[in-house]
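This report describes one protein model for a reader who has not seen it before. The sequence and structure come first, followed by notes on selected parts.

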Amino acid sequence: MAERVKEVAVEEADRLKTLTSDAARSGAYLYPIRGIAYFLSHKSLWKPLTSKLAPTMTLGLGITTFMFVFTYLPQAAVMAFTSGPLAAISAGLLVLSESSTLITILSKTFLIEDALIDTFDGTLMSKNTTDLLSEGRQIKAGGDPMAKLGKLLKKPLVKFTPKATIRYLMYLPLNFIPVVGTVVFVLLQGKRAGPTAHARYFQLKQWNKSQQEKHIEQYRGAYTGFGVAAVLLELVPLASIFFAFTNTVGAALWAADIEKQYITKEGTAPKLREQAKKAE
């Protein structure tokens, strides 16, 4: 039994090493950072965020207040055994991170879903990937990328599910383990968040579940790297919603780069090939 446990531990360590190596080589972890720079330098992309500031700030204040009133003292008591004299500070930071995560989950589900779709599509528009975007949205004449976005033809099928919240609550106790626990927590959250960031892209590509899973598995390291970077940003207290938008921009920039590589490899875009065949 002991040998079997050791064997499994070695296999998991090797798999984690490979995943980390693939993530580092892919460079996908840089897209959330690029998303910040691109968002700040393209004012037209600010519109979806500014339109949702009031409700998200109200929600954020309510959740943060609730978390400090009802969860700070119990967590500080537990962390007194793991963090010693730093328990009060550690518990405060943990509550802020927990609040940020809950604010992000609830906001994405109930308040800013459409705004994030607009941000993703607006970024694709700014990168001239209209051929891809036209599969899920009407394109209008306009002065800036956001003004060109017409009526949605399709919305991502990622709807609210308690699974994400339940999974988060299951992983949350890992944070009570100094350093290592937090690293594992972020890694597990990032592994899920990476593919989720491209839900809109997969829909625009009209990929079925099998095609999505094949693509994700092929680029598992890259998606994990992107997800970890995105999760770390969204854990920043009081700035999680801002980073939710910049992460969306980063995901769209990555999708645009993937499309360029695909078109270069294939010689022309799939839709253009289809139109050419019909014209013959």
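V184 lies in helix α9, which covers residues 180-196. In this predicted model, V184 is partly exposed, with a relative accessible area of 33%. Together with I177, V180 and L188, V184 makes a nonpolar surface patch of about 300 Å². In an α-helix there are 3.6 residues a turn, so residues three or four places apart point the same way.

Helix α4 takes up residues 53-83. At 1.5 Å a residue, a straight helix of 31 residues would span 45 Å, but α4 spans only 36 Å between its end C-alpha atoms. A kink of about 50° is found in α4 at T71, shortly before the proline P74. T71 is also one of the buried residues of α4, which include G60, I63, M67 and M79. After α4 comes G84, with a positive phi near 60°.

The largest nonpolar core has 38 residues. F120, L124, Y201, F226, F245 and W254 have the most contacts inside this core. Several helices each supply at least two residues of the core, α4 among them. The table gives some of the others.

| Helix | Residues | Supplied to the core |
|---|---|---|
| α2 | 31-41 | at least two residues |
| α5 | 87-110 | at least two residues |
| α6 | 113-126 | at least two residues |
| α12 | 220-234 | at least two residues |

Helix α13 gives the most to this core, with 10 residues.

Technical notes. Residues numbered from 1 in each chain as written. Predicted model: local features only at pLDDT ≥ 70, side-chain atom pairs only at ≥ 80, totals over all residues. Heavy atoms only, no water. Patch = residues over 30% accessible without salt bridge, like charges linked within 9 Å, V, L, I, M, F, W, Y side chains within 5 Å. Areas by Shrake-Rupley, 256 points an atom, 1.4 Å probe, with all protein chains shown as cover. Salt bridge = Lys/Arg side-chain N within 4 Å of Asp/Glu carboxyl O. Helix = DSSP H or I, 4+ residues; strand = E, 2+ residues; numbered from the N terminus. Buried < 20%, exposed > 50% of the residue type's maximum accessible area, 1.4 Å probe, protein only. Expected span 1.5 Å × (residues − 1). Bend = angle between axes of the 7 residues up to and from the residue. Core = buried A, V, L, I, M, F, W, Y, C linked by side-chain atoms within 4.5 Å.
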